[in-house]
Amino acid sequence: APACEEQFTTLTPGEKKTIPCAKANVTSSFTNKASVEAVDNVLGSKVTATDSVTVQVINPDISIKKGPEIQPIAKGGTAFFDIEVKNTGDVALKNIVVKDSRAPKCAKSLSSLAPGAKTTYSCSLAGITSDMQNKASVTATDNYGNSVTDIDSAWVEIENPDIRIAKGPITQTIRKGETAKFAVTVTNPSNVVDLTEVKVSDPQASDCDKNIDVLIKGESDFFF
């Protein structure tokens, strides 16, 4: 630490001098050694001394992950989340606080986490009626007063009910008086919503009429 080097002409008996100094841009731990030498003005003898201090470089850090990244739900439904908080640094963390303003049940406080340790938990938010981005943040401090923070978000998408019908073949050629035959596929494309009381009607081909009690999400019903 060259900034700690200094020279002065005299040091009287019992006197001491303090030299404030610093070393910038320290990136790794090290032992800093300083030495001093002087000559007494009576005998002309040389005296020396050394002392050392240890500088420990720490890397406090924390991470939060909120998932799933995207989840579809029905309007008015409940979203379920998984949260992981991990000490990604090399020193212990304390006073760990997870905040989530839009999903209060996801807020949590932890007393401490050792380096590399993590905690996971689940939470939910009910009655969601529109798409939303849900953010969770975490803050903590180490034993030296350093503060660390992280944030993560998860998307909730409202999926409205939908239904699709396909009738085939697109074209067919028959003789006069013959029977036209059709195939009908009814599909529920939703990932989250079941459909009930599904009614297929065809005024020109009543044989294609059909009632389906329940059409499960992602399911198709094929008939002819």
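**Close-up 1. The salt bridge between Asp100 and Lys66.** In this predicted model, the side chains of Asp100 and Lys66 meet in a salt bridge, with 2.3 Å from N to O, where a salt bridge is a side-chain nitrogen of Lys or Arg within 4 Å of a carboxyl oxygen of Asp or Glu. Asp100 lies in the loop between β6 (93–99) and β7 (108–113) and Lys66 in strand β3 (residues 62–67), so the pair ties together parts that are 34 residues apart in sequence; strands (E, at least two residues) are DSSP runs, numbered from the N terminus. Asp100 is buried, with a relative accessible area of 4%, and Lys66 is likewise buried at 4% (buried means under 20% relative accessible area, exposed over 50%, and partly exposed in between, with a 1.4 Å probe and protein chains only).

The model is predicted, so local features need pLDDT of at least 70 and side-chain atom pairs count only at pLDDT 80 or more, while totals for chains, interfaces and linings use all residues. Residues are numbered from 1 along each chain as its sequence is written, and side-chain values use heavy atoms, with hydrogens and water left out.

**Close-up 2. The salt bridge between Asp221 and Lys210.** The closest N and O atoms of Asp221 and Lys210 are 3.1 Å apart in this salt bridge. Asp221 belongs to strand β15 (residues 220–223) and Lys210 to strand β14 (residues 210–215), so the pair ties together parts that are 11 residues apart in sequence. Asp221 counts as buried at 19% relative accessibility, whereas Lys210, at 28%, counts as partly exposed.

**Close-up 3. The salt bridge between Glu37 and Lys46.** Glu37 forms a salt bridge with Lys46, and their closest N and O atoms are 3.3 Å apart. Glu37 is exposed, with a relative accessible area of 54%, and Lys46 is exposed as well, at 56%.

**Close-up 4. The largest pocket.** The volume of the largest pocket is about 1200 Å³, a volume being the space filled by probe spheres set on grid points that are joined across faces, edges and corners. On a 1 Å grid over the protein atoms alone, a pocket is an open set of points where a 1.4 Å probe fits, with protein on both sides within 12 Å along at least five of seven lines, and lining residues have an atom within 4 Å of a point. The lining has 31 residues, of which Glu6, Phe8, Ser35, Val36 and Glu37 lie nearest the centre of the pocket.

Methods: Helix = DSSP H or I, 4+ residues; strand = E, 2+ residues; numbered from the N terminus.
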